[in-house]
Structure formats: C-alpha cells, structure tokens
Amino acid sequence: MSTITRREAVALGAGLAAVLAHPAIAQAPTELKLLAPAAPGGGWDQTARTMQSVLTGERLVRSAQVTNVAGAGGTIGIAQFVNSSRGDPGALMISGFVMVGAILMNKAPVTLDAVTPVARLTGEWQALVVSAASPIKSVADLAAAVKADVSRVSWGGGSAGGVDHITAAMFAGLAGADGGKVNYIAHSGGGEAMAAILSNRVTVGVGGVSEFEQHVKSRRLRWLGITAPEGTAGLPGPTLTAGGLKLELQNWRGVFGGPGLSDAQKAGLGEVVEKMAKSKAWADQLAAKGWQDTYLAADAFAAFLKEENARVEGVLRNLGLVRA
Amino acid sequence: METLSLLLNGLSIAIQPANLLFALVGVVLGTAVGVLPGIGPAMTVALLLPVTFKMDPAGSLIMFAGIYYGGMYGGSTTSILLNTPGESASIVTAMEGNKMARAGRGGPALATAAIGSFVAGTIATALLAIFAPWLAEVAIAFGPEDYFALMVVAFITVSATFGSSRLRGLTSLAIGLTLGIVGIDKLTGQPRLSFGVPDLLDGLEVTTVAVAMFAVGEAMAVAAQRGKEGEGTVEAIRGSLWMTAEDWRRSWKPWLRGTAFGFPIGALPAGGAEIPTFLSYAAEKRLATNPEEFGHGAIEGVAGPEAANNASAAGTLVPLLTLGIPTSATAAIMLAGFQQYNLQPGPLLFVTSADVVWGLIASLFIANVMLIVLNLPLVGLWVRLLSIPRPWLYGGILVFATVGVLAAKASLVELGVVLALGLMAYGMRRFDYPIAPVVVGMILGPMAETQLRRALQISNGDASVLVTSPISATLLAVAVLALLGPMLWARLGWSMKADED
C-alpha cells in the first residue's frame with residue numbers, strides 16, 4: 001500500500017467494492033453525511049466541519065455534507081440519526097464524552113448502544129485553575145480545603161452534569177469528601193464561567209486546558225493541575241497526578257456509524273476515517289485548535305466506551321443526577 | 001493619542017480595497033440573513049467559517065463583524081413590517097414599530113431604526129476603541145448578585161409598561177415566567193415541565209415564542225375579525241415616507257439614551273442585548289411627553305430600543321477582544337474564527353496582533369456607514385410590502401413565521417409549540433391580555449433565577465450577599481426608587497413631568 005497514493009487506494013477500494021461487491025472487502029463510501037448533534041459553533045460542529053474540509057481537501061471522499069441537529073446534549077440528534085441512517089454506509093455522527101452523560105441524565109430512549117462505533121478522534125484534557133489572587137497554591141491545598149468542608153469550595157465551570165461538573169465531583173471524591181456534595185456553580189457557555197473564575201468569585205475553575213492557557217500566560221490565573229497522565233508531552237502546566245491526586249479524564253470526541261451496518265461497510269467507514277486521522281492536514285487542524293490526537297480504531301473504541309460509560313454513570317449517580 | 005494613531009493605522013488596513021469588499025459582503029449577507037427568518041448571524045458565521053479558512057485573517061474577521069452588525073439591522077426590518085422578530089433583541093422593536101407600520105408610518109419607523117442603529121453603532125464603536133481594556137476589568141467585577149439586582153430593575157421598570165390593567169399584565173408575566181421554566185434546570189440538571197418530551201429539554205426558544213405570540217396570534221386575530229365593520233385595510237404610507245422634523249426631534253434623545261443602556265450592558269459577560277432594549281423602552285415611555293401614544297406606535301419606542309440593540313452588539317466585542325470571553329452566540333463563533341488563525345483573543349491580543357484588532361475596530365465604523373447607505377434607499381421598497389392585500393399579507397406572514405421556526409430548529413414539536421402558543425396568544429388578544437409581558441417574563445425570568453441561585457450558592461445560602469455588594473445595593477436602590485418614586489410624587493402632588501428634562 002505504501003507505494004500507491006491515497007487517492008489511488010480509495011479509487012481502487014471503491015472500484016473493487018463496486019465490481020466485486022464481496023462482503024469481505026471494505027466498502028469505502030465516496031459520499032459522507034456528517035451529523036453534528038449540536039448547534040453550529042460548538043465542539044461537535046467544529047469537529048464535523050474540520051472533518052468535512054480534510055476529507056474533501058485530501059480527496060478521501062467526493063463530498064461530505066454536515067447537518068446540525070441540536071438539543072438536549074445530543075440526545076435528539078442521536079435519536080434522529082438512528083432513525084434515518086439504518087444501514088446507511090455513508091452516514092457518520094459526531095459524539096463524545098458529553099453525550100455519554102446526557103444520555104444517562106436525560107434517560108434518553110436511544111443510547112450509544114444503538115449506533116456503530118467507528119473511531120475516537122480527538123480529546124481535550126481538563127484543567128483546574130485558580131485566580132492569581134487565590135490563597136490556594138497547590139493541589140494539596142485544594143484537596144485539604146475540599147476535605148475540610150466540601151460545600152465551602154465553589155467550583156465554576158460549564159453545564160450541570162457535563163464534563164466540568166464530573167471532573168469536580170471526581171476530584172472531591174478522590175480528596176476524601178463526598179463527591180455528591182460538591183458546590184458546583186454551573187454556567188452556560190464559557191464566557192460567564194471565565195468571568196467568575198477571573199474575578200476570584202469561585203474558589204476554583206474547571207474547564208478545557210485551551211480555555212485557560214491565555215489567562216495563565218497573562219498571569220491572571222494559575223494552573224493547579226491538568227487531568228492528563230503523568231509524563232504526557234506538550235502540556236502547558238503540571239498534572240494533577242504530579243500534585244499528588246491521581247485524576248485522569250479526557251473530554252473525547254469520536255464518530256459513529258448508523259445501526260445495522262455489515263462488516264464490510266463498517267470496515268469501509270473505518271478506513272476512510274483512519275486515512276483522514278493520519279493525514280497531515282488533520283494534524284495541522286488539531287494543532288491550530290489545541291485538540292489532542294487520540295485516535296482509536298473501532299474495536300478499541302468500543303471497549304473504551306464501555307469503561308467510560310460505567311465510570312460516568314457512577315459519578316452522576318453519586319451526584320444524584322442519575323437515578324435508578 | 002496612542003489610541004488614535006492605532007485607530008488610524010487600523011483604518012488604513014480597513015480601507016484596503018480587498019477589506020472594503022469583505023466588509024461589503026459581510027453587511028449585505030448580514031442584512032439578508034437578518035431579514036430572512038430562522039437564520040441568524042451566528043449560524044451564518046458558523047457556516048462561513050470553514051470557507052474562510054484559507055483567507056487572510058483580517059479580511060475574514062472584518063466580514064464576520066459586518067455580518068454581525070448587518071444581522072442586527074436586518075432583524076429590525078421584519079420586526080417592524082411583519083411583526084415577526086427574527087432574534088430576541090428586536091422583540092421590543094416589533095411592539096411599537098409594527099404599530100407604526102400599520103398606521104402608515106413604516107417609512108419613519110424603518111428610518112429611525114436605521115439611523116438610530118448607525119448613531120448607536122458609531123458611538124459604541126468609538127467607546128469600544130477608547131475604553132475596551134478598562135471596561136473589561138469593570139465588567140468581570142459584576143457578580144451574580146449584581147446581575148440579579150439588574151434583573152430586578154428591569155422587571156420593575158418594565159412592569160410599568162404593562163398596559164391598562166396591572167392584574168392582566170401580571171397574569172401575562174406569570175405565563176411568561178412559566179414558559180421560561182420549561183427545560184433542564186441550568187444549575188442542577190433536572191428537567192422541569194418537559195413532560196418527558198426530549199425536544200423540550202433545552203427549553204423553549206425565545207424567538208419561537210415571540211413569533212408565535214406576535215405573528216401567529218395576530219394573524220388569527222385578523223382572520224377572526226374579517227368581515228366585521230370598521231376594519232379598514234392597512235395603509236402602506238400615510239404622510240411622509242421619510243422622517244419629518246418632528247420625528248427627528250423625538251428620535252435623537254432616545255438614540256443617545258439607548259446607546260447609554262446598550263453599550264455597558266452589552267459589555268457585561270452575562271448582559272446580553274435583551275435587557276438594554278427593555279430598559280430603553282421603559283425609560284422612553286416614562287420620559288415621553290405623550291406616554292399614552294406608547295402601544296399605538298410611538299417613534300421613541302423604536303428609536304431607543306434599536307439604538308440599545310446595536311450598541312450592545314459593539315459592547316459584546318469588549319469582553320471578546322480583551323478577555324477572550326464570548327458573551328453571545330455570534331461572539332462565540334467569532335472566537336472560533338480567531339482561533340482558526342491561531343489568534344487567541346485575550347489580554348495579549350492587543351499586543352500580539354494589534355493590526356488585526358485595530359483593523360477590525362476600524363472596519364466596524366466602515367460597516368456602519370455601508371449599512372446606512374445600503375438600508376435607507378431600501379425603505380421605500382420595504383414599505384410596499386404592506387400594500388399587499390391583507391389575506392395575502394397575513395398568509396405570507398404565517399408561512400414566513402413557520403418556515404423561520406423550522407429553519408432554526410427542524411422539529412415537529414417546535415411547530416406544535418408555535419401553533420399552541422399562537423392559539424393562546426389569540427385567546428389573550430381576544431380577552432385583552434397584553435402579549436409583551438409574556439416574552440419579557442420568559443427572557444428575564446430564567447436569567448434572574450439563575451443569577452439569584454448562583455449568588456446564594458457561592459455565598460453558601462447567605463442572603464445578605466444581595467445587599468453587601470456595592471453594585472447590587474445601588475441597583476436595588478434604583479429599583480426601590482422606580483417602584484415607590486411615582487407613588488410618592490403623586491402623593492406629594494407633584495406632576496411627574498414637572499422636573500424632567
């Protein structure tokens with residue numbers, strides 16, 4: 001394969017599939033429909049549009065179309081996707097950590113079990129920060145404050161039950177307090193939360209690493225820790241693990257195919273997505289957006305999902321956001 | 001002086017032919033999507049983002065800003081002519097503007113909106129250039145308790161404009177507050193009044209409710225009245241198409257006052273464009289020499305809120321450029337646009353990319369001029385819409401409204417909501433309940449609730465935080481004065497008009 005170009009490989013794959021229609025050969029789609037289960041502008045939408053430009057720019061497919069179906073943490077989008085894309089070898093849905101939580105919290109009738117995992121693509125580490133004026137200087141200081149009185153430590157971040165809330169609850173639990181009692185102040189959109197954190201109104205801020213980088217550089221905020229494993233390259237600040245509290249969590253995003261795909265169709269989708277994820281254009285886009293490349297192929301992704309679902313459900317149950 | 005030279009440098013970037021072209025494309029697109037229902041400036045910028053990836057950063061940011069300003073203009077046109085506000089910030093404009101249009105004064109209404117937007121946009125952009133870094137510091141000092149106090153001021157001043165009967169006004173307000181509760185509670189993540197319908201979990205869209213209450217309800221009311229005596233046709237033009245000297249005299253103060261409300265509140269991270277339009281409307285009504293004209297097409301009620309709306313758009317750029325904090329949907333997408341070019345808005349942006357920032361600010365001035373040049377000649381064309389026979393006009397409005405709602409959110413539930421609320425609005429009109437408080441309650445209620453609960457959550461339930469912050473204490477004092485003042489003055493036998501101006 002290394003001697004022929006990508007374009008030839010796709011043409012060859014598609015040609016073979018069309019001529020032979022043999023189930024064992026991957027059927028790579030030539031036209032893709034990407035569903036972003038969120039409004040234009042958000043992380044899922046940006047992922048879909050970045051995929052669109054790389055897929056067509058690298059000529060991996062002839063066309064790629066993005067549609068947005070917003071609402072309820074993506075649970076409306078997934079319901080629509082399952083209805084409209086059964087057996088469709090050219091349909092992909094963007095999803096991620098937030099949808100895992102939203103499905104549990106909203107008791108959504110359609111879950112990620114109904115769709116076909118294709119690949120995990122990107123991820124963002126979470127970070128804990130404090131205002132420059134805060135008396136809290138280290139992870140240990142914060143852990144001690146949380147342990148002393150969990151309700152006195154207020155956390156500022158995004159929507160209730162989202163990745164920020166879960167990070168806060170996990171931190172409190174690991175610090176030896178009841179994670180379910182964490183005093184989490186939910187904000188809609190990054191702007192309001194940032195104002196609360198910058199003005200030292202909340203004890204600690206939680207969010208994606210890239211949201212805070214600029215403010216740490218201008219010395220308005222200080223890193224406490226990042227939820228990456230110790231030794232991860234290219235982090236702008238220390239990890240939580242280095243600070244003495246082993247909390248690892250990533251706000252990941254990936255793509256799913258419709259229900260009822262044959263093995264060949266699944267392999268075809270996987271092939272196109274893998275080529276995209278390994279391209280230089282994709283790497284450049286990730287670098288520009290501050291996203292980590294966390295590519296996992298279908299089977300590994302499916303196993304990861306199972307674990308992630310159990311972990312998120314445990315935290316949300318403890319927060320009282322998911323009831324039996 | 002340094003600011004001035006930087007701005008001049010920015011102007012030299014903005015008037016490069018290519019950038020002028022981008023500004024023009026932006027304002028034309030923005031006006032178009034503002035006029036079309038369902039496609040707001042936020043969505044337009046989002047759709048254009050991947051297209052502009054390979055373009056020069058200054059050019060595409062200038063275009064985005066043009067779309068933003070243009071959208072604000074375009075939205076007022078449909079509000080005034082068709083009573084279908086395309087975005088929440090032009091809801092107030094619809095209240096007086098549409099009354100004016102139906103009285104044959106659509107021309108002056110559109111003109112005062114356009115010129116008011118120009119005046120407000122220009123002043124606010126100047127303020128942005130001079131005060132942005134300083135204002136950003138003040139704005140983040142605004143805490144939840146201060147926002148709550150601001151909402152209280154808005155509630156109290158706006159409730160004075162609730163029409164003839166207070167009880168009916170409060171009933172309408174309660175309906176609005178209830179509609180505002182629908183969806184997932186922002187602070188705890190629990191669903192409220194969503195009855196297990198997933199489409200309702202994100203709450204009701206303000207524009208959906210506004211379109212249903214204003215446009216659909218009114219179309220039904222008009223249809224029900226047909227054939228009865230005394231129902232004349234709508235006259236497209238009565239009197240002058242342009243603003244008369246009298247119109248100018250009545251408009252210029254509201255323009256300035258609207259700017260004074262819009263810019264600072266727009267600069268607050270949780271300020272938004274709706275509150276300043278409400279406050280401006282309430283202020284104009286209170287200061288008017290002829291308050292009885294309000295509700296029947298007072299030009300001040302168009303001039304003030306439209307200016308406030310546009311000034312707040314410039315205000316939004318303060319936290320975006322200086323702190324990297326997006327405070328509106330469009331600003332959030334513009335932030336993504338900056339990041340696409342590896343420009344990180346924030347305190348360092350003015351230092352690291354001064355060219356881009358000042359080019360952007362300068363092009364806002366240019367966009368403003370282009371908008372007024374583009375819009376004023378169109379006024380005559382727009383008002384002709386009203387000479388369409390009524391059954392066709394209202395039929396068209398219904399189509400326009402439903403298509404708009406479906407374009408914004410393609411779901412049958414949304415359509416059902418429009419029809420159900422439209423029917424309710426018809427009932428309310430029939431029994432003389434005012435419509436505006438429903439929309440006011442729906443916008444302000446959830447904001448006030450969230451901020452109050454946030455304030456109490458941070459203070460661990462200590463309610464004294466509401467009065468110990470100097471900002472909230474001042475605002476609450478204003479609210480008390482607004483509530484009790486008129487009663488006291490009346491008791492003391494003072495005429496309210498005596499000591500004004």
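**Domains of chain A**

I began with the division of chain A, which falls into domain 1 (6-123 + 252-318) and domain 2 (124-226); these bounds come from an automatic or database domain assignment. I kept in mind that this is a predicted model, where local features need pLDDT of at least 70, side-chain atom pairs count only at pLDDT 80 or more, and totals for chains, interfaces and linings use all residues. For my own bookkeeping, residues are numbered from 1 along each chain as its sequence is written, chains are lettered from A and ligands numbered from 1 in the order in which they are written, and side-chain values use heavy atoms, with hydrogens and water left out.

I looked up the spacing next: the C-alpha centres of domain 1 and domain 2 of chain A are 31 Å apart. Their contact (heavy atoms within 4.5 Å) takes 12 residues from domain 1 and 11 residues from domain 2. The area buried between them is about 970 Å², with carbon and sulfur atoms giving 68%; buried area here is the accessible area (1.4 Å probe) that two parts lose on being put together, summed over both. On the domain 1 side, A:F97, A:V315 and A:N318 lose the most area to domain 2, together 40% of what that side buries. I also found a count of one salt bridge between the two domains, a salt bridge being a side-chain nitrogen of Lys or Arg within 4 Å of a carboxyl oxygen of Asp or Glu.

**Chain A overall**

I noted 11 helices and 10 strands in chain A; helices (H or I, at least four residues) and strands (E, at least two) are DSSP runs, numbered from the N terminus. Of its 324 residues, 57% count as buried, where buried means under 20% relative accessible area, exposed over 50%, and partly exposed in between (1.4 Å probe, protein chains only). Among contacts in chain A with a separation of 6 or more, 77% come from residues 24 or more positions apart.

**Strand β4**

I then turned to β4 (residues 116-131) of chain A, where 16 of 16 residues are buried. Which strands pair with β4(A) in the antiparallel sense over four bridges? I found β10 (residues 292-297) and β7 (residues 204-208). β4(A) is also joined to β9 (residues 250-257) by eight antiparallel bridges and to β8 (residues 221-226) by five, again antiparallel. Pairing of two strands asks for at least two DSSP bridges between them. For landmarks I wrote down A:T116 with A:G257 in β9(A), A:R120 opposite A:L296 in β10(A), A:V129 with A:G205 in β7(A) and A:V130 with A:R222 in β8(A).

I searched for nonpolar cores, meaning sets of buried Ala, Val, Leu, Ile, Met, Phe, Trp, Tyr and Cys residues joined through side-chain atoms within 4.5 Å. The largest has 92 residues, and A:M51, A:L112, A:L142, A:V146, A:W155 and A:F171 have the most contacts inside it. Helix α6 (residues 163-174) of chain A gives this core its largest share, seven residues. Domain 1 and domain 2 of chain A each supply at least three residues to this core. Apart from it lies another core, of 81 residues, which includes A:I226, B:A129, B:A136 and B:V357.

I also checked A:T167, which is found in α6(A). A:T167 counts as buried because its relative accessibility is 0%. Beyond its neighbours within four places in sequence, A:T167 is in contact with A:Q126, A:L128, A:V206, A:T227, A:L247 and A:L249.

**Salt bridges**

How many salt bridges does a search of the whole structure find over all chains? I got 23. One of my entries is A:R62 with A:E31, the closest N and O atoms being 3.8 Å apart. This pair links distant parts of the chain, with A:R62 in the loop between α2 (43-57) and β2 (63-68), and A:E31 in strand β1 (residues 31-36), 31 residues apart. A:R62 is exposed at 64% relative accessibility, whereas A:E31 is partly exposed at 45%.

Within it, B:R192 and B:D185 have their closest N and O atoms 4.0 Å apart; B:D185 is buried at 7%, and B:R192 is partly exposed at 24%.
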